Amino acid sequence: ADRIAIVLSGSAGEGVQSAAELLAEAAILSGLRTTKKGDYPITVGTGFSLSEVILSKRTIDYSGIQKPDVIVVTSEDGLARVKGMLKPGDSTLVIADSSLPLEAGPNVVLRDFRGVAGKKGACLAAIGFWLQRNPVITQDALREATKKSKHAESLLKSIQSAESLAA
């Protein structure tokens, strides 16, 4: 596809915005164009955290997402925020933490992202998992994007933890 719309959703303070930033940076390193838009309550550290990321081979004229291609959800707060986007029989790929009350199916993949990467690394682990199955961006580009962070070591561990969930 020329354009992939991704929604990342979790709890505030659990690295959703950072994971979205790293995904966008990795896309740029891979020669793609990207947009990133965050949505979270004004109260710091409570409630949901949602980010919309668009990856495209072409110029992005509209940065809104009306129907995501991929939804990554890692917490109850995040699930409550994206519940309206989840429709039975929809083609949207949902990658979710296995602790959430969702039923696995052809387009719903459940894995223990929080268990292997912790609550702060779950979203990034889920992105790493998605990229293993859909190499729109290389794992190397995602790892390269983490190198600028002061938390690079823990970020790399989150990405690597997804490898154990690939089966």
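**Exercise 1.** How many residues does helix H3 have, and how far apart are its end C-alpha atoms?

*Solution.* First, a word on the source: this is a predicted model, where local features need pLDDT of at least 70, side-chain atom pairs count only at pLDDT 80 or more, and totals for chains, interfaces and linings use all residues. Residues are numbered from 1 along each chain as its sequence is written, and side-chain values use heavy atoms, with hydrogens and water left out.

Step 1: H3 covers residues 113-133, which makes 21 residues. (Helices are DSSP runs of H or I, at least four residues; strands are runs of E, at least two; both are numbered from the N terminus.)

Step 2: a straight helix would reach 30 Å at 1.5 Å a residue, the expected span being 1.5 Å times one less than the number of residues.

Step 3: the ends of H3 are only 15 Å apart.

Step 4: look at Gly 121, where H3 bends by about 120° (the angle between axes fitted to the seven residues ending there and the seven starting there).

**Exercise 2.** Is Thr 74 buried or exposed?

*Solution.* Step 1: find Thr 74 in the loop between strand S4 (70-73) and helix H2 (76-82).

Step 2: its relative accessible area is 2%, so Thr 74 counts as buried (under 20%; exposed is over 50%, partly exposed in between, with a 1.4 Å probe and protein chains only).

Step 3: leaving aside neighbours within four places in sequence, Thr 74 has contacts (heavy atoms within 4.5 Å) that include Ser 9, Asp 97 and Arg 114.

**Exercise 3.** Where is confidence lowest, and where highest?

*Solution.* Helix H5 (residues 152-161) is lowest at a mean of 80, while S4 is highest at 98. pLDDT is the predictor's confidence in each residue, from 0 to 100.
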